[in-house]
Amino acid sequence: MTDTEILLAAYDDQMRGAPPTPPVGVTYEQDGPLLRIVGGFRGLVSGPRSLGVRGAELDRLIARQRDFFAARGEAVEWKTRSHDDPADLTDRLRAAGFVPEDQETVLVGRAADMAVRQPVLPEGVTLRRVTADADMRRIAAMESVVWGQDWSWLAEDLTGRVASAPDEISVHVAEADGEVVSAAWLVFRKGTAFASLWGGSTLAEWRGRGVYRALVATRAALAVAREVTYLHVDASDDSAPILRRLGFAAVTTTTPYVWSPPAG
């Protein structure tokens, strides 16, 4: 096997099931081969590399997820990967009313390789690990500016994660003159060799100055201290080139397919 194949096999084996501890108010359910996560910002559905169902049976499985969340008046995201089976899954999701959002690249790297780099920050920027609710709201406000959408839900999500399993998440901010200019978090996956890098959004005027790379190095060092072997990222087109230069390998792509209740 090539190194990329080894990394993909580890990802498929260890990163497909439920995270070890659900946030406050979130529950896990199993529907056949699928994991259904209920109670978050929107529903989430994920499955193994091979669902083991095809044709009309797959259509019924898809419809059950849509109808379950429709009854709750909630949107639902079905997380797909480009190497999944059956190959016509995304066509069937579209036929059931699911709409694709932006594709991301799934990157995996060895934590020890990322932790050797010392964080280098622009003058006046500091990094800080945060746990307070007020800081989570500041992160959500920064993310809303970056993405041009209302990300206020993120504050509740992060607060719930910290409250339910403080040892499984580490949230960090980069600040300049008291303003959050970037934020990122590290999520440990108990019982696996993985931790995941999330967030990493940076205000436009602070991009290209090493803030994102410093947050990667800081979290990688924390992962190594916890004896984590692999780091995983679902990376945007902006982040993927930076991470590949740092030594991450692209193993597949992931695209969320989202069904939303009709307006009104």
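## Ground rules

Contact means heavy atoms within 4.5 Å. This is a predicted model, where local features need pLDDT of at least 70 and side-chain atom pairs count only at pLDDT 80 or more, while totals for chains, interfaces and linings use all residues. Residues are numbered from 1 along each chain as its sequence is written, and side-chain values use heavy atoms, with hydrogens and water left out.

## Overall build

The protein has eight helices and twelve strands. These are DSSP runs, numbered from the N terminus: helices are H or I with at least four residues, strands are E with at least two. Along the principal axes, the C-alpha atoms fill a box of roughly 60 × 50 × 30 Å.

Of the 264 residues, 48% are buried. Buried means under 20% relative accessible area, exposed means over 50%, and partly exposed lies in between (1.4 Å probe, protein chains only). The accessible surface comes to about 12,600 Å², and 50% of it belongs to carbon and sulfur atoms. Areas come from the Shrake-Rupley method with a 1.4 Å probe; for residues, only the protein chains shown count as cover. Among contacts with a separation of 6 or more, 72% join residues 24 or more positions apart.

## The cavity

Rolling a probe the size of a water molecule over the atoms shows where empty space is left. On a 1 Å grid over the protein atoms alone, a cavity is a set of points where a 1.4 Å probe fits but cannot get out; a pocket is an open set with protein on both sides within 12 Å along at least five of seven lines; lining residues have an atom within 4 Å of a point. Grid points are joined across faces, edges and corners, and a volume is the space filled by probe spheres set on the points.

The whole structure holds one cavity of 30 Å³ or more. The largest cavity has a volume of about 50 Å³. Its lining includes Arg-16, Trp-78, Lys-79, Arg-81 and Asp-84. Strand S4 (residues 76-81) gives the most to this lining, with three residues. By class, the lining has five nonpolar, two polar and five charged residues. Ala, Val, Leu, Ile, Met, Phe, Trp, Tyr, Cys and Pro count as nonpolar; Asp, Glu, Lys and Arg as charged; the others, Gly among them, as polar.

## The second largest pocket

This pocket has a volume of about 160 Å³. It is lined by 13 residues, and Thr-80, Arg-81, Ser-82, Thr-90 and Thr-255 lie nearest its centre. S4, helix H3 (89-95) and strand S12 (249-259) each supply at least two lining residues. S12 gives the most, with four. The lining has four nonpolar, seven polar and two charged residues.

Arg-92 sits in helix H3. It is partly exposed, at 22% relative accessible area. Leaving aside neighbours within four places in sequence, Arg-92 is in contact with Gly-55, Leu-58, Asp-59 and Ile-62. Its C-alpha atom is 9.8 Å from that of Ala-56, 36 residues apart along the chain.

Ala-250 belongs to strand S12. It is partly exposed too, with a relative accessible area of 27%. Ala-250 and Leu-107 are 143 residues apart in sequence, but 4.4 Å apart in space, C-alpha to C-alpha. Beyond neighbours within four places in sequence, Ala-250 is in contact with Thr-4, Thr-105, Val-106, Leu-107 and Arg-244.
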